[in-house]
Amino acid sequence: MTAPGTRVGESTGDTDDDLDVEEALALVREPRESREPREFAEGATGGRTPPPAAPGEHAHGGLSAHQHRATPWPQAREIAARAARSGARRAPVSVSLADALGVALASPLDALTDLPSFDTSAMDGWAVAGPGPWDVREEGVLAGHAQPEPLTDGAAVRIATGARIPADTTAVLRSEHGRTDTQGRLHPTREVVHGQDIRPRGQECRSGDQLLSVGTLVTPAVLGLAAAAGYDTVTVVPRPRVEVLILGDELLTEGLPSEGRIRDALGPMLPPWLRALGAEVTAVRRLGDEAKALHKAITSSAADLVITTGGTASGPVDHVHSTLERIGAELLVDGVKVRPGHPMLLARIQQNQHLVGLPGNPLAAVSGLLTLAEPLLRTLAAHPAPEPYALPLAEVAHGHPYDTRLIPVVLRGDAAVPLHYNGPAMLRGIAAADALAVVPPGGAQRGEETELLDLPWAAAGIEVCFT
């Protein structure tokens, strides 16, 4: 296999690592340096006894040659986050508010007008002028109507929330704070303070004020603010385009597994997960194990990121490496010291196009998705890196002797509870999980604080996250 960071089929040499942050609109915050995994020297454990290998994973006494070449998990995530910055700047796009949820602002959101743009009643009640009692006009003032007639001292008029304040109004008297006598005169039932319950023009902002800065993630609240400020469209960083290539002749798209064939779990799972990471999934193609079809799909793709599932090892129908070598791709990560998901890879196909090869086992594919695809998509979408956090484990988490291990957990109070059914081919654990615990080589004891990776549905509402 080719050493990471070299072009497939070429000799190893120095590469230009000068990465221009401005090429990514300078919007992505550098993540804090992750905790380095505790490495075990080959044939020695530094006095610490390695735990048994996790279920479904191979235990062995020494490091294989491929393990030596594999990239440590924290470094692999950093390489993926930085990889997209070496390309040309992705041009900002103007999108309607309806299409802007989940993207990042590429230009500041400046106020187009004063907010509010006129003096407004903050309550239902009466607009009053001068001290009471007041003579009440017959006509009222409603929201959305033209400027009402001015008030004279001793006069009042019924007013609705959001309606324009008549000129010379002293205050707004709330409905529950006034009473009328038999002559129809209005009396206050508590002290009236000058200017009360009036939202003056420009109270929230003045025209030209910066409301939100470049890089702000567009949330439902941001959409509301943009609409209130008069925007119909906003300028944003475009969503990264992703194409998913499902490999494997053994996969079924419907019905029960039978005759040695299994259901495709990644086809239904990956597209919404990628959308939750801010991507636009342009296509999901099922190619089987045909090398020519894989070559054609990769070379004809216009996506920013191509994701393959399976085919990253060295079996008789694993064609990802040979295809990348054939097209002259540059391998940036070729294997990661993580379980599950060890044979994942990251390659640069062209200057502005990458490929992430996920293992075919479902939980191993999730591991690859969060290790390589998520950091790269975050950079492309100009999303800030999440603040790292840790919680103590509620019970022992067995680790791998040499590799980081990702284990599904549920969060209960101030602790993370490891879940069972966490083998590479299993989804039962991750389906019930809130996060993945990053277990360092050698494992973690009960009560030991462990870094957590939140899952999209645990960090936001389902509808917001997967829309």
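Predicted model: local features only at pLDDT ≥ 70, side-chain atom pairs only at ≥ 80, totals over all residues.
Two strands pair if DSSP finds at least two bridges between them.

**Exercise 1.** Find which strands pair with strand 15 (residues 241-247), and say why strand 15 is described as largely enclosed.

*Solution.* Start with strand 18 (residues 280-288): 7 bridges join it to strand 15, and the two run parallel. Within this pairing, Leu247 stands opposite Gly288. Next comes strand 19 (residues 305-309), which is also parallel to strand 15, with 5 bridges. Here Val244 stands opposite Ile307. Finally, look at burial: 6 of the 7 residues of strand 15 are buried, so the rest of the structure largely encloses this strand.

**Exercise 2.** Work out which residues of helix 3 (residues 220-228) are buried and what they pack against.

*Solution.* First, list the buried residues: Val222, Leu223 and Ala226. They lie on the same side of helix 3, because their arc around the axis is only 100°. Now the partners: the buried residues of helix 3 pack against strand 4 (109-110), strand 13 (210-212) and strand 14 (233-236). After the helix comes Gly230, with a positive phi near 95°.

**Exercise 3.** Decide whether Arg446 is buried or exposed, and trace its contacts.

*Solution.* Locate Arg446 in the loop between strand 27 (435-439) and strand 28 (449-454). Exposed means over 50% relative accessible area; Arg446 has 65% relative accessibility, so it counts as exposed. Leaving out residues up to four places away in sequence, Arg446 touches Leu393, Ala394, Glu395 and Val396. Take Ala394: it is 52 residues from Arg446 along the chain, yet their C-alpha atoms are separated by 5.6 Å. The Arg446 side chain also reaches the backbone oxygen of Ala394 at 3.3 Å.

Conventions:
Residues numbered from 1 in each chain as written. Heavy atoms only, no water. Buried < 20%, exposed > 50% of the residue type's maximum accessible area, 1.4 Å probe, protein only. Helix = DSSP H or I, 4+ residues; strand = E, 2+ residues; numbered from the N terminus. Arc of directions from axis to C-beta. Contact = heavy atoms within 4.5 Å. Polar contact = N/O pair within 3.5 Å; in protein donor to acceptor, adjacent residues only side chain to side chain.
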